[in-house]
Amino acid sequence: MLKIAAITLPGAPQKITTTLSTRDRLGHLLVRLGWRRRQYRTEPALYRIGSPTPESPVIVTANYTLTVDTVRDACAGLDLWVLVIDTRGINVWCAAGKGTFGTGEIARMVKEARLDKIVKHRRLIVPQLGAPGVSAHRVKQLTGFDVVYGPVRIADLRPFLAADMRANDDMRRVRFDIADRIAVVPIELVMAWPLLLIALAAGLWLWALHAATFWGAVLPLLGAVVMGTVVVPIALPLFPFRPFVLKGLAGGILWALLMIALFPADLLTAARHLTLLPPVTAYLAFNFTGSTAFTSPSGVKAEIRWFTWPLLVWFAVGVILYIVDMARGWLS
Amino acid sequence: MRYLESVVTLQLDTAKCIGCGRCAEVCPHRVFAMNDKKAAIVDRGACMECGACQKNCPADAITVQAGVGCAYALIRSRITGKEACCG
C-alpha cells in the first residue's frame, strides 16, 4: 500500500502531491518488470489534488498505484477531486473488462466518500477506457451523478477541462504506438521465464551432446523466445498479415533463417530450426493479443480455431527432429 | 493497426436507438457516428468488442459478444471449459 500523506484529518480527503519522487519512479520501473505487481495498490478513497472547491471537477480512477501516479503526474497545477475506487490494484482498462472498475464500485465509493456533501455539482469524469465496465445511466440512477467520459489519455485532461469537458476525436481514440508497446514488453519477457529456462536447458543439452558450437546450440532457442515476446510485439506493424500467429510465424522463420546463415548447419539442423522455432515464436506472439488494445475476442477465437492443429503438428515435427539431432550427437 | 474484421459480432438496432450519442462517446476506435439523431456503424471492422457501447446504451440497441481478448485466457478456457478470465 502506498502511504500518501502524513496528516489525516478525520473524514477530510487527503491531499496528494503531483510531483513524483525518485522512489515512485523506481517503483514504476520495478512494477513494469512484474515485481510485486499485485500489491502495488493505493488505498481507495477520495483525494485532493491542489486546492479543490465544491465546484471543482471529480475524476475517477483505479487503485493500481502506477495508474494513480500517472494521474498525479498529469494533474500538476490543477485543482481536482480524485475518487480512487477499489479495482484490486488493476489498471482501468483491464479492471473495466472484468467489471471491477464498474458501476457498483463507483456507486459504493461515491456514497462512502459522501461526495454529495463535498461537491455542489453532480458530475463524475470517468476515464473513457473504463466504459466497458461502467453503465453511465445506471450510475446516474444509483447516485444522482452524471457520468462524463473523459479522454482516453490522462495527459489530455487539461485540454478536455478547458474545452468545457468535451473531447475531440483524437482524445477519444485509443492508440497503440511503439511507446505503448515498449512499455508492456518487459512484463512479457519476465512472464516467459519458464520458457527461457527450458530453451536454455534444451540448448545446453544439445551442446553437451553435439559437436556444435555453444552459441550455435543455445542462441536459436533462446532467440526464438525473445523474438516472440519482444521483437514481434515491438515491431508489430512491420510483420506481415493480421493474425498474430502469422506475424509470429514470420518472425520465427526469419529467426531460423538467420541462425542457419550464421552458424554452420547441415540439412538436419536447418530442418530442425525451421520446424522447432517458428511455432514457439508464433504462440508467444499470439499471446501478445492480451496486451493490445485493438484485438477482438472473436478474432482471437478464430485464430485458435484456424491455427491450433497446424502449429501443434509443426512443433511436433520440430521436437522429433531435435531428438534425432541429439541422438546423432550421442551416437557419434 | 487493424485486426480480423470479418468475425466482429457488433450489431446495432437502429429502430431502438434514441440518439443519445453515448456509443459514439465511449468507443475508443470510433466505430460509431451520429447521423440525423441516430447512431450509425461507420467502421465495424475496427471494433475490438470491448462492450463499452453495449454497456452504455440506455435503449439496449447494441449487442456485441464482449469479453477478454487475450489468447492465453481463451486457450485456458478452451482447455478447462471455464469462462475466460485474465487471472
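**Exercise 1. Work out what share of chain B is buried, then sketch the chain's layout.**

Keep in mind that this is a predicted model. Start with burial: 43% of the 87 residues in chain B are buried. Next, count the elements, which gives three helices and four strands. Reading from the N terminus, they come in the order β-α-β-β-α-β-α. For the dimensions, take the principal axes: the C-alpha atoms of chain B fill a box of roughly 45 × 25 × 20 Å. Finally, look at contacts between residues at least 6 apart in sequence; 41% of them join residues at least 24 apart.

**Exercise 2. Do the overall bookkeeping for chain A, and compare its radius of gyration with that of a compact globule.**

Begin with the elements: chain A has 14 helices and six strands. Its C-alpha trace spans about 85 × 40 × 30 Å along the principal axes. Now for the comparison. A compact globule of 332 residues would come out near 20 Å, but chain A has a radius of gyration of 25 Å. As for burial, 40% of the 332 residues in chain A are buried. To finish, take the contacts in chain A with a separation of 6 or more: 69% of them come from residues 24 or more positions apart.

**Exercise 3. Find the largest nonpolar core and the residues with the most contacts inside it.**

The largest nonpolar core has 69 residues, and V82(A) and L83(A) have the most contacts inside it. Which strand gives the most to this core? That's β4 of chain A (residues 80–85), with six residues.

**Exercise 4. List the buried residues of helix α2 in chain A and say what they pack against.**

Go along α2(A), residues 65–74, and pick out the buried positions: T65(A), T67(A), V68(A), D69(A), V71(A) and R72(A). Then look at what surrounds them. The buried residues of α2(A) pack against α1 (22–32), β3 (58–62), β4 and α3 (92–98) of chain A.

**Exercise 5. Decide how helices α9 and α11 of chain A are oriented relative to each other.**

First, get the geometry: α9(A) (residues 178–191) and α11(A) (residues 214–234) pack at an angle of about 175°, with their axes 9 Å apart. Angles over 145 degrees count as roughly antiparallel, so α9(A) is roughly antiparallel to α11(A). Next, see who makes the contact. On the α9(A) side you'll find I178(A), R181(A), I182(A), V185(A), E188(A) and L189(A), and on the α11(A) side T229(A), V230(A), P233(A) and I234(A). Sorted by class, this contact has seven nonpolar, one polar and two charged residues.

**Exercise 6. Describe the contact between the two chains, looking at it from chain B.**

The contact takes 35 residues from chain B and 36 residues from chain A. On the side of chain B that touches chain A, α1 (22–26), α2 (52–55) and α3 (71–80) of chain B each supply at least two residues. The largest share on that side comes from α3(B), with six residues. By class, the side of chain B that touches chain A splits into 21 nonpolar, seven polar and seven charged residues.

Technical notes. Residues are numbered from 1 along each chain as its sequence is written. Chains are lettered from A and ligands numbered from 1 in the order in which they are written. This is a predicted model: local features need pLDDT of at least 70, side-chain atom pairs count only at pLDDT 80 or more; totals for chains, interfaces and linings use all residues. Axes are lines fitted to C-alpha atoms, for helices over the stretch in contact, and angles run from 0 to 180 degrees between N-to-C directions. Angles under 35 degrees count as roughly parallel, over 145 as roughly antiparallel, 65 to 115 as roughly perpendicular and the rest as oblique. Two residues are in contact if their C-beta atoms, placed from the backbone, lie within 7 Å. Ala, Val, Leu, Ile, Met, Phe, Trp, Tyr, Cys and Pro count as nonpolar, Asp, Glu, Lys and Arg as charged, and the others, Gly among them, as polar. A nonpolar core is a set of buried Ala, Val, Leu, Ile, Met, Phe, Trp, Tyr and Cys residues joined through C-beta atoms within 7 Å. A residue is buried if 20 or more other C-beta atoms lie within 10 Å of its own, exposed if 12 or fewer, and partly exposed in between; C-beta atoms are placed from the backbone. The radius of gyration is taken over C-alpha atoms; the globule rule is 2.2 Å times the number of residues to the power 0.38.
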